[in-house]
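Trainee: Please present the structure, and then let us examine selected features by question and answer.

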Amino acid sequence: MNSSQRPGAQNPQQAETRLVTAGRDTKAQKGFVNPPVFHGSTVLYPTAEDLHAHRSEFQYGRHGTPTTRALQDVLMTLESPQCAGVGLAPSGLAAISTTLLAVAKAGDHILVCDNAYRPTRNFCNGMLARYGVETTYFDPLIGSGIEALFKPNTRAVLVEAPGSQSFEMPDIPAIAGVAHARGALVIDDNTWATPLYHRSLELGVDISMQAGTKYIGGHSDIMFGTISANATAWPIIAENIRLLGVCAGPDDVYLALRGMRTLSVRLAQHYRSGLEMARWLARRPEVLRVLHPALESDPGHAIWKRDFTGASGLFSIVLQPKPQKAVDAMLDSLKLFGMGFSWGGFESLAIPFDCSEYRTATKWAPGGPTLRLHIGLENLDDLKADLDRGFAVFNAA
Ligand SMILES: *Cc1c(COP(=O)(O)O)cnc(C)c1O
């Protein structure tokens, strides 16, 4: 199985140390620091008796290799002690779809936050609806008011903390309290903060998934997803991973493992640069509002402070009202901020977005054009100079 159940989260060392030391077996690697990339499908058994008994450390490529195990050990050690297992998926979206297919069956109902990653909604509205699972979207700021949306057949609640375009902060402990009283599981898309800054399994989340494509990979060169689950949820996640044949490619697994080794320094820099840039932008006359939960002025700040130990480099801004062509001219003038989807790599990005295209439970009316920024690892003064140029073009348009 492409999943790990080995204990390790009780390690008393700090997270930065565990990210460096976990999943390493120097002796097995003949002295080398890193494991090789195991490309493998077939595993040979020495005797017929071993074959009959499936007696072998690894059984089949889809179910795991020494490379996937090393990565799972690191992921496991980063998670909260509640984590009972970590599954690997070929993309973040595959981690979400695998999770949702595991928690709901025909005739069930699920609750999904209105600010969820759009392809998550597409999966609910497309495949889950086709298989007889009903989805109700809810205001991410609903808190314990979510109780009113529960039906006798509600099996799960999915939250994203914070939403990756609009950055509202859900009150996870309040939502989890209601969900658990109703016998439903709580799923958290933890891609933004990663378990390093947001220990969601300790806050009542049963299944925490990440698009490893983002900060785990960290270099914009892999597609990858993770599913961490507590003891309640892990058996159904592990079974579903096996039934669906979900596994990640060996090279992406290796690059994810390599990414984990430097996650703490990369995230710390994204956090620092992102927050300083957010403060700088908040003082700009062109900017109406900055949507960043680590800013004291943000409506989600109190929850962020309570539930997170850091922030990543992704946030949004609302610009003063101007025609879209002014925004586009600004984007076209930027030299360091690339335009592209995804985020979490070393490079800075800027994209326009419009949540009103898909929201159903809440109204999105920010009062001006919106841009999502990813602050990369470039020098901050260079990035500010780039945006300065962009604002000059925005103002002139
Ligand atoms: C990118 C992203 C995903 C999906 O990840 P992929 O690896 O692109 O499939 C899921 N959730 C969030 C919040 C994301 O930003």
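**Loops, ligand and sheet**

Mentor: Ser-220 is found in the loop between strand E7 (207–211) and strand E8 (225–230); helices (H or I, at least four residues) and strands (E, at least two) are DSSP runs, numbered from the N terminus. This is a predicted model, in which local features need pLDDT of at least 70, side-chain atom pairs count only at pLDDT 80 or more, and totals for chains, interfaces and linings use all residues. Residues are numbered from 1 along each chain as its sequence is written, and side-chain values use heavy atoms, with hydrogens and water left out.

Trainee: What is the phi of Ser-220?

Mentor: Most residues other than glycine have a negative phi. Ser-220 is not glycine, yet its phi is positive, near 55°.

Trainee: Which residues does the cis peptide bond join?

Mentor: Most peptide bonds are trans. The loop between strand E5 (154–160) and helix H6 (172–181) contains Pro-162. With omega about -10°, the cis bond joins Ala-161 and Pro-162.

Trainee: How much of the ligand does the protein bury?

Mentor: Polar contacts (pairs of N or O atoms within 3.5 Å) to ligand oxygen atoms include a backbone N or O atom of Gly-92 at 2.8 Å and a polar side-chain atom of Thr-213 at 2.5 Å. An N or O atom in the side chain of Lys-214 is 2.6 Å from a ligand oxygen atom. Taken alone, the ligand exposes 380 Å² (Shrake-Rupley method, 1.4 Å probe). Of that area, the protein buries 92%.

Trainee: Which helix gives the most to the shell around the ligand?

Mentor: The ligand is surrounded by 15 residues (a heavy atom within 4 Å). Among the closest are Asp-189 and Leu-93. The helix that gives the most, with three residues, is H4 (residues 92–103).

Trainee: Which strands stand at the edges of the open sheet of four strands?

Mentor: The order is E9-E10-E12-E11, with antiparallel pairing; two strands pair if DSSP finds at least two bridges between them. Strands E10 (residues 314–319) and E12 (residues 370–374) are joined by five bridges, and Val-318 stands opposite Thr-370 in E12. Each edge strand has a single partner, so one side is left without a neighbour in the sheet: these strands are E9 (287–291) and E11 (349–352).

Conventions
Polar contact = N/O pair within 3.5 Å; in protein donor to acceptor, adjacent residues only side chain to side chain.
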